[in-house]
Amino acid sequence: MLLHSELGDKSFKTSRKLKRLIDANLIRLGGNKNLKIYGTISCKSGKRMNLKNRVFFENEQEAISNGYRPCSHCMRGRYLEWKAGSDQLFDSQATP
């Protein structure tokens, strides 16, 4: 898990650093550390969140192992599974 604030202040240099991490597939998902929700990088809800609350994950297993749940907007299917109580599905994916 990588905090957006660890990349630096809001600047062009920070944006370039973030883009390089995304291009290298080191970041695939974003999340809100206060709400414990993860979703796609392109999610409209995620783009509106405060930068100090934003975190990044390399994969879904990392997000789940840190106690995050899927976003109900951009990951609707995964969210419905989570809401229905499919904890076994998420637990099995969290272990390598």
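## Overall make-up

The protein chain holds five helices and five strands; both are DSSP runs numbered from the N terminus, with at least four residues (H or I) for a helix and at least two (E) for a strand. From the N terminus on, the order of elements is β-α-β-β-α-β-α-β-α-α. The model is predicted, so local features need pLDDT of at least 70 and side-chain atom pairs count only at pLDDT 80 or more, while totals for chains, interfaces and linings use all residues. Residues are numbered from 1 along each chain as its sequence is written, and side-chain values use heavy atoms, with hydrogens and water left out.

Of the 96 residues in the protein chain, 31% are buried. Buried means under 20% relative accessible area, exposed means over 50%, and partly exposed lies in between (1.4 Å probe, protein chains only). A contact means heavy atoms within 4.5 Å. Among contacts between residues at least 6 apart in sequence, 55% join residues at least 24 apart.

## The sheet

Strands of a sheet pair through backbone hydrogen bonds, either parallel or antiparallel. Here five strands form an open sheet in the order 1-4-2-3-5, with mixed pairing. Strand 1 (2-3) and strand 5 (69-70) are at the edges with a single partner strand each, so one side of each has no neighbour in the sheet. Two strands count as paired if DSSP finds at least two bridges between them.

Strand 4 pairs with strand 1 in the antiparallel sense over two bridges, and L3 stands opposite V55. Four bridges join strand 4 to strand 2, also in an antiparallel run; there V55 is the bridge partner of G31. Both faces of strand 4 are covered, with R54 and F56 buried on one side and V55 and F57 buried on the other. Strand 3 and strand 5 run parallel and are joined by two bridges, with Y38 opposite P70.

## Leucine 21

L21 belongs to helix 1 (residues 12-23). With a relative accessible area of 21%, L21 is partly exposed. Leaving aside residues up to four places away in sequence, L21 touches L2, L7, L26 and I27. L21 and E58 lie 37 residues apart in sequence, and their C-alpha atoms are 9.5 Å apart in space.

## The largest pocket

Rolling a probe the size of a water molecule over the atoms shows where empty space is left. On a 1 Å grid over the protein atoms alone, a pocket is an open set of points with protein on both sides within 12 Å along at least five of seven lines, and lining residues have an atom within 4 Å of a point. The largest pocket has a volume of about 490 Å³. Of the 30 residues that line the largest pocket, I41, G46, K47, M49 and R54 are the closest to its centre.

Helix 1, strand 2 (29-32), strand 3 (37-40), helix 2 (44-48) and strand 4 (54-57) each give at least two residues to this lining. The lining residues comprise 11 nonpolar, 14 polar and five charged.

## Cysteines

A disulfide is a pair of cysteine sulfur atoms within 2.5 Å, and the count by this rule is zero. The cysteine sulfur nearest to C43 is that of C74, 3.7 Å away, and C43 is in no disulfide. C71 is in no disulfide either; its nearest cysteine sulfur, that of C74, is 3.8 Å away. C43 is buried because its relative accessible area is 6%, and C71 is buried with a value of 7%.

Key
On a 1 Å grid over the protein atoms alone, a cavity is a set of points where a 1.4 Å probe fits but cannot get out, and a pocket is an open set with protein on both sides within 12 Å along at least five of seven lines; lining residues have an atom within 4 Å of a point. Grid points are joined across faces, edges and corners, and a volume is the space filled by probe spheres set on the points. Ala, Val, Leu, Ile, Met, Phe, Trp, Tyr, Cys and Pro count as nonpolar, Asp, Glu, Lys and Arg as charged, and the others, Gly among them, as polar.
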